[in-house]
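User: Please give me a close look at how one chain is built and at the places where it meets its partner. I would like the terms spelled out as you go.

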Amino acid sequence: MSGASDGAEGSAEKAAPANWILQHPTYQQMQQLQVEDSEQIYTAFLVYMDLTEVRRWKEVSCVRSPELQVVLLEAREKDGAPAHTVLPLPVHRRLSHRSVRHVLDRGLPMLLCAVASDSTLVYQRMTDGLVTPDPPVGPFEDLGRRQHRKRRQQR
Amino acid sequence: MEAPPCRQLGELQPEQERSSSPVVGLSLCDSAPLLWRIQDLKAVRSSGLVGALLGALPRTPRQNIRLGRPLLLLPEEERLLRERHSAAALPARNQDAVGTELQQRYEEEEQRSYEEQSILALEDRRSALLRAMTSSSGSESGVGSDEALQGRLLALGQSFTFPRSALAVQLSTARAGLSHCQEARAFLQVDWPIREQDSPRREARYQVFRDLRGRGFFLTSAGKFGGDFLVYPGDPLRFHAHFIAVCLTLDESICMLDVLCVARLGSNVKKTVLLCSPAPDGPVHYTSLQWSGMV
């Protein structure tokens with residue numbers, strides 16, 4: 001999982017982890033967004049580190065969501081790719097469909113990122129409407145009856 | 001000039017409604033809506049409702065792949081039919097009278113069958129006798145042998161009795177309803193699954209069901225997939241489901257772990273998970289949940 005590098009760095013020195021994060025300019029920028037939820041700010045910061053350092057996404061910025069009172073991230077996968085909204089949330093939190101709709105209303109493709117206490121991250125894509133799943137990949141073989149297959153193998 | 005067209009329109013509409021959706025008869029077993037009659041099952045399927053077959057087929061028991069009547073309707077399906085005035089509960093039969101009524105009917109039918117079979121058996125014996133007599137005395141012809149033949153046939157007619165033990169009895173394997181089988185009915189009454197206590201959730205489920213059905217999708221229950229409905233682009237016999245619909249109200253909060261759980265399951269079975277919530281002003285909001293592909 002992508003959180004492993006962060007975890008290894010953190011466990012090496014007990015005093016350092018909190019300090020370096022608190023001094024990070026982006027973390028301080030997030031704090032200034034006037035979101036009261038410090039746990040969510042920390043979560044957003046972990047996602048920020050994952051997107052910038054591990055996945056090397058471009059133009060990663062943070063913004064406050066007035067309806068949800070959380071920090072959202074906006075980023076592009078590559079230069080010229082469409083911008084995504086990322087909603088970082090701790091995994092034990094609860095979420096309502098209305099909040100999801102608020103984030104979708106921003107008009108950008110949305111990624112929900114669930115962050116566990118060990119910094120494991122998982123991203124889920126959320127889209128408005130009914131998105132047909134990808135069809136199964138061919139080539140397709142007509143297996144017929146199992147008995148026929150066994151007989152063929154025996155010959 | 002204006003009155004006749006209005007009247008014609010008024011006359012047309014009920015006719016159109018009647019021809020487009022025949023009324024099906026629901027047999028209510030406690031609160032379970034069941035359909036027993038073949039024409040009802042066909043009507044319901046042709047209007048896009050799938051239901052679930054519950055009954056064992058008499059010739060292929062002890063398996064769950066192919067089941068027979070009755071068809072159990074989802075609560076949403078029943079409600080949709082009732083709202084369209086396409087379903088009505090069949091009158092409940094008086095439990096006490098039914099047993100004796102059936103027995104009487106059976107005995108009358110058996111008596112009728114016995115009389116029919118007696119006549120046929122007598123015919124058989126007569127023709128056998130005729131054959132035996134004409135073949136044995138084939139070359140001989142004349143009034144004497146004819147008289148003897150007539151005499152013997154008459155005697156046969158008078159003395160012949162068809163023994164009751166030789167009666168062929170037809171056992172009907174097609175029965176409509178459980179009215180004769182009191183124990184089975186009681187079982188269904190007791191084990192009917194508990195209805196959801198949550199009525200906002202139930203209302204949300206119904207609104208989503210009606211909206212998706214209106215868009216032409218076929219829906220069945222999704223117990224195996226941890227959702228509310230499985231959404232098929234056409235008849236389930238022809239297609240795999242595309243979506244697992246999870247119905248919630250806009251404001252109820254769900255745990256992130258549950259979202260991840262259902263999303264992961266959906267991606268494992270190649271279906272998109274749909275979070276569905278009806279808005280208070282009418283339209284239903286759908287959010288598709290997919291695996292991001294970001295490992």
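Analyst: In chain A, among contacts (heavy atoms within 4.5 Å) between residues at least 6 apart in sequence, 50% join residues at least 24 apart. This is a predicted model, in which local features need pLDDT of at least 70 and side-chain atom pairs count only at pLDDT 80 or more, while totals for chains, interfaces and linings use all residues. Residues are numbered from 1 along each chain as its sequence is written, chains are lettered from A and ligands numbered from 1 in the order in which they are written, and side-chain values use heavy atoms, with hydrogens and water left out.

Chain A holds 6 helices and 6 strands, these being DSSP runs numbered from the N terminus (helices H or I, at least four residues; strands E, at least two). Their order from the N terminus is α-α-α-α-β-β-β-β-α-β-β-α. Of the 155 residues of chain A, 40% are buried, where buried means under 20% relative accessible area, exposed over 50%, and partly exposed in between (1.4 Å probe, protein chains only). Chain A exposes about 9400 Å², of which carbon and sulfur atoms supply 48%; such areas come from the Shrake-Rupley method with a 1.4 Å probe, and for residues only the protein chains shown count as cover.

One place where chain A meets chain B is at His97(A), whose side chain makes a polar contact with the side chain of Ser277(B) at 2.5 Å. A polar contact is a pair of N or O atoms within 3.5 Å; within protein, one must be able to donate a hydrogen and the other to accept it, and residues adjacent in sequence count only if both atoms are side-chain atoms. Ser277(B) lies in strand β10 (residues 272–278) of chain B and is buried, with a relative accessible area of 0%. Leaving aside neighbours within four places in sequence, the contacts of Ser277(B) include His97(A), Leu248(B), Pro283(B) and His285(B).

Another such place is at Trp291(B), found in strand β11 of chain B. Trp291(B) is partly exposed, with a relative accessible area of 34%. Not counting residues up to four places away in sequence, Trp291(B) touches Val122(A), Tyr123(A), Gln124(A) and Arg125(A), as well as Arg264(B) and Ser267(B). Trp291(B) and Ser267(B) are 24 residues apart along the chain, yet their C-alpha atoms are separated by 6.4 Å.
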